[in-house]
Amino acid sequence: MTPRLDNPSALFPAGFKAMVALEQALAQAIDPELLELVKLRASQMNGCAFCIYMHTSDLRKRGVDEMKLYLLNAWRDSYLFSERERAALAWTEVLTRVANEGAPDDEYNALAEHFSDQERVQLTFAIGAINVWNRLQVGFHVAHPPRGAAMRADAA
């Protein structure tokens with residue numbers, strides 16, 4: 001895959017700075033493992049290799065069971081996911097496909113059973129953000145790094 005732009009972030013630094021600030025706020029607001037699972041699931045749905053690589057790597061660094069990563073596509077059929085994770089993943093899928101399905105009451109009500117009002121807003125921001133990142137990476141053909149390469153400057 002040939003990248004369409006060499007450095008998209010340099011072409012709109014204010015936009016990227018705002019996205020990074022949003023990510024920093026989300027990292028303080030949402031459980032890190034849940035946040036990464038949501039990001040990974042949306043990235044799978046959007047076919048974003050760059051983000052799948054990054055969020056899988058981040059979850060592995062957090063010590064998440066490999067089987068949970070393998071079964072994320074089939075989370076509805078796996079006992080490895082808590083009810084809270086299931087509600088977040090269902091909301092992730094609904095909002096990632098919002099143009100097709102809207103945001104049905106049953107999914108929202110299931111979310112409300114496990115998340116406070118504030119948490120629902122934070123989670124919705126996180127889902128929106130990962131969908132923006134996916135569109136940037138997929139749209140500009142940003143490739144993931146070579147196998148084993150660190151994704152971030154702070155990666156060990």
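Me: Is Thr 56 buried or exposed, and why?
Reply: Thr 56 counts as buried because its relative accessibility is 14%. Buried means under 20% relative accessible area, exposed means over 50%, and partly exposed is in between, using a 1.4 Å probe and protein chains only.

Me: What kind of model is this?
Reply: This is a predicted model, where local features need pLDDT of at least 70, side-chain atom pairs count only at pLDDT 80 or more, and totals for chains, interfaces and linings use all residues. Residues are numbered from 1 along each chain as its sequence is written, and side-chain values use heavy atoms, with hydrogens and water left out.

Me: Back to Thr 56. Where does Thr 56 lie?
Reply: In helix 4, residues 49-61. Helices are DSSP runs of H or I with at least four residues, strands are runs of E with at least two, and both are numbered from the N terminus.

Me: What is Thr 56 in contact with?
Reply: Leu 40 and Leu 69, leaving aside neighbours within four places in sequence. Contact means heavy atoms within 4.5 Å.

Me: New topic. How many disulfides are there?
Reply: The count is zero, where a disulfide is a pair of cysteine sulfur atoms within 2.5 Å.

Me: Which residues touch the most other members in the largest nonpolar core?
Reply: Trp 91, Phe 115 and Leu 123, out of 25 residues in that core. A nonpolar core is a set of buried Ala, Val, Leu, Ile, Met, Phe, Trp, Tyr and Cys residues joined through side-chain atoms within 4.5 Å.

Me: Which helix gives the most to this core?
Reply: Helix 9, with six residues.

Me: And what does Leu 123 touch?
Reply: Apart from neighbours within four places in sequence, Leu 123 is in contact with Ile 30, Val 38, Ala 88, Trp 91, Leu 111 and Phe 115. There is also a second, separate core of ten residues, which includes Leu 40, Leu 72, Trp 75 and Leu 89.

Me: Last one, what about His 141?
Reply: The phi of His 141 is near 55°, a positive value in a residue other than glycine. His 141 is in the segment after helix 9 (117-139), and counts as partly exposed at 21% relative accessibility.
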